[in-house]
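Hi,

Here is the structure I said I would pass on.

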Amino acid sequence: MIGSIPLFDVLLVSGALFSIGIAGALLRRNAIQIFLSIELMMNAANLALLGYGAALGTHQGQVIVFFVIAIAAAEASVGLAIFVALFRHTETIDVNKINLLKW
Amino acid sequence: MTSSLPLWVLPAIPLAGFAINALLGTRFGKSFVTAVGVGAAGLATLAAYSRLVPFVAGSHATVVETVTNWMTVGTLSIDISFRLDPLSALMLAFVTFVAFLIHVYAIGYMHHEATDAGYARFFAYLNLFLFAMLTLVLAESFLLMFVGWEGVGLCSYLLIGYYFDLEDAAAAGRKAFVVNRIGDYGFLLGMFGIFAAFGSLNYTEVFRKAAEQPAQFGPALSVICLCLFIGAMGKSAQVPLYVWLPDAMAGPTPVSALIHAATMVTAGVYMVARCNVLFRLAPEVMLFVAGIGCFTALFAGTIAIAQNDLKKVLAYSTISQLGYMFLACGVGAFAVGMFHVMTHACFKACLFLGAGSVMHAMSGDLDVRHMGGLKAKMPITYWTFLAATLAIAGIPPFAGFFSKDAILSSSFEAPGLGRLLWFVGLFTAGLTAFYMFRIVSLTFFGEFRGTKEQAHHVHESPSSMTFPLVVLGLLSVVAGWIGLPAVFGEHANVIGPFLAPIIAPIAGHEAAHEALPHATEWLLMAVSVAVAASGLYLAYAWYAKQGGRTPARLAASYPGVYALVADKYRIDELYDVLFVRPLAWLARTLWKVVDVLIIDGLLNAAAFLVELTGDFLRFLQTGNVRNYALTFFLGLIALLIFVVGAM
């Protein structure tokens, strides 16, 4: 049960996950990997919400997490569809090579 | 009184005629336009006389009729109200009547001149003019008079430029408008002054206050009267603002007769006579008025001698006669000035219509050098023109004699410079007789000097044109008989006592002269008749009998002087150098420097700055998603530092 873990530890893990996600999103060139990193950040946020919810003894944190999961699913399908369309067009998903929309 | 027409109907009738002709005239053709245009003028005349007859027969008491309140701003309250008093009655009597005659004349004159649309436009403008003129004459406040004042100016502009496809006519219209604006500005300033000094713009109130406390308004009145007179100078074509009137002859001849001879140009004299209470409290302005009038009379008279265009001679003669009227006002004889306005309207309208009749016969040619011997072919035009010429020359018993003689004797008895003004006036009377009989001789006597086609074409004008000529010719003979000089008996002068209530002397400001002895008056009359007759005889001898050899020799022996006079003293050229070109230069400079360089330059600089900024900032848009993400991240950190730091 998450309630038995101290809030500080939960936030520590959440922060670590978020940092890993940011590093991945900024440093990776593969669009899928960037995408996965963003998912990681989102889940770090979920973890923090759960931790706070447990610490405060309410259900609101968990409710928001459900919303986030649902929206993340929708976002994942849209994002993946964009990548498929992108790949059909350019035959690459290296974001460094996709920079048409500039000055 | 209850059964009589309200005064507002008088201007409303021609206004309705204008509206109908302007909106529907082109659709229904010439006979419809004629019926509406001339009908409106005729109805207005009838309506005017339906008020005038009881007024003249009755007590001559001033009637003020208020239609409605026009505006109320602070302490300024203006009513739309009309006033019938002896002065406006006199104007009303001849303005409506002459206007009606000229409308009739225009039927014949404009018949060949215009398309259906042009014909409708002409009569619409003519009606609009009549509306504005009646408003001017009947107004009870300075502001309503100004409405009419500007209205007649507008119609003058529109009708001078009637042949707007001719460069000259369009330019003449513009010139008239611009020169008149200068005068109007003076009138406006005068009005502001009146409101500042009296707190009202209604005649009744202003004149009452001025008459009650003359000393209180003295100094301010000089400025006010000077401004008002500048307005009159513009409208009534006095030196130095006279230059528009000769050019205005580019308009159709009925217009020259109605607007630029008989009615509109006398509005300035009317205004000065209307404000006689104010002017009499400003003696130095009166002297200025007399001086300008006298100088204008002489100046325009000398120009008229050397002109060969029939209408131009008449135009300069009009300016000269207007000068006489101001001379009369300036020496304090306002009633005499108005008397001359009235007689002048009759004989000058007759002269212009006669000139139009000649022009009609000569297929539009107005050069007197091409005419001659028209007496036999155009008898009605000849006899009426002759009557009007004798009237303007001042031969008794024609109309002009009495009014001009009254002006001369008033200036003779005026204190100060009176004798000098009288002498110049007398000399100008001789000039007038000379140049008028010169054109009569050249036009109607001797051999025909035009082309064969013209000789073949010459004919008397249709009856719609000769009828007004005959009426005005008769008036040129008899109109002066209402103002016989005192030597003919105590009650011979009708017009003076009629106007007296309006031109009542102010307490403590009575004219300081006693009536001239009868012997002096007879002598003055004899002198002026002799001068006029010698002018006539000289012109007849030189131009009709001798065929112009002596004047030609004179012109040849003084070529410089002759060229200067024939070129109208080159005043137009002088104004061109002094005013027109500097203004054009200023306008061009403002355009090229202020507008193009400074204003447009500032705008272009602002646009350039935006473009330049954009040129640098757009390199931030790399198109690379990772750069954007990094920016997000850095922004997030900055935000965090900010929030945490604030805690």
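One term before anything else: a helix here is a DSSP run of H or I with at least four residues, numbered from the N terminus. Please keep in mind that this is a predicted model.

Let me start with the loops of chain B. P397(B) is in the loop that links α16 (379–393) and α17 (399–413) of chain B. The bond between P396(B) and P397(B) is a cis peptide bond, with omega at about 5°. There is a cis peptide bond between V239(B) and P240(B) too, where omega is about 5°. P240(B) sits in the loop between α7 (214–235) and α8 (244–247) of chain B. That loop between α7 and α8 also holds A237(B), and A237(B) has a phi near 55°, which is positive although the residue is not glycine. For context, most residues other than glycine have a negative phi, and most peptide bonds are trans.

Now for how the helices of chain B pack. Helix α3 (residues 116–138) and α4(B) cross at roughly 155°, with axes that come within 7 Å. An angle over 145 degrees counts as roughly antiparallel, so that is what α3(B) and α4(B) are to each other. The crossing of α3(B) past α4(B) is left-handed. On the α3(B) side the contact includes F122(B), Y125(B) and F129(B), and on the α4(B) side W149(B), V152(B) and L158(B) are among the residues involved. By type, the contact has 15 nonpolar residues, 3 polar ones and no charged ones.

α4(B), residues 142–160, has another partner in helix α9 (residues 253–262) of chain B, at about 155° and with the axes 11 Å apart. α4(B) and α9(B) are therefore roughly antiparallel, and the crossing is left-handed. What makes the contact? S156(B), L159(B) and I160(B) come from α4(B), while V255(B), I259(B) and H260(B) come from α9(B). These residues split into 4 nonpolar, 2 polar and no charged.

Helix α5 (residues 167–198) of chain B packs with α7(B) at about 155°, and their axes are 7 Å apart. That makes α5(B) and α7(B) roughly antiparallel as well, with a left-handed crossing. Among the residues in contact are N180(B), D184(B) and F187(B) of α5(B), together with F217(B), L221(B) and K235(B) of α7(B). Here the tally is 12 nonpolar, 7 polar and 2 charged.

Then there is the interface. How many residues of each chain are in contact? Chain B contributes 11, and these touch 12 of chain A. Together the two chains bury about 1,000 Å², with 61% of that on carbon and sulfur atoms. In chain B, G623(B), R626(B) and F633(B) provide 47% of the area buried against chain A, more than any other three residues.

Last, the charges. Across the interface of chains A and B there are 0 salt bridges, while the count over all chains is 14. One you can look up is E205(B) with K209(B), where the closest N and O atoms are 3.8 Å apart. E205(B) and K209(B) lie in helix α6 (residues 203–212) of chain B, 4 residues apart, or about one turn of the helix.

Cheers

Note on methods
Residues are numbered from 1 along each chain as its sequence is written. Chains are lettered from A and ligands numbered from 1 in the order in which they are written. This is a predicted model: local features need pLDDT of at least 70, side-chain atom pairs count only at pLDDT 80 or more; totals for chains, interfaces and linings use all residues. Side-chain values use heavy atoms; hydrogens and water are left out. Axes are lines fitted to C-alpha atoms, for helices over the stretch in contact, and angles run from 0 to 180 degrees between N-to-C directions. Helices (H or I, at least four residues) and strands (E, at least two) are DSSP runs, numbered from the N terminus. Angles under 35 degrees count as roughly parallel, over 145 as roughly antiparallel, 65 to 115 as roughly perpendicular and the rest as oblique. A crossing is left-handed if the near helix is turned anticlockwise from the far one by less than a right angle, and right-handed if clockwise. Contact means heavy atoms within 4.5 Å. Ala, Val, Leu, Ile, Met, Phe, Trp, Tyr, Cys and Pro count as nonpolar, Asp, Glu, Lys and Arg as charged, and the others, Gly among them, as polar. Buried area is the accessible area (1.4 Å probe) that two parts lose on being put together, summed over both. A salt bridge is a side-chain nitrogen of Lys or Arg within 4 Å of a carboxyl oxygen of Asp or Glu.
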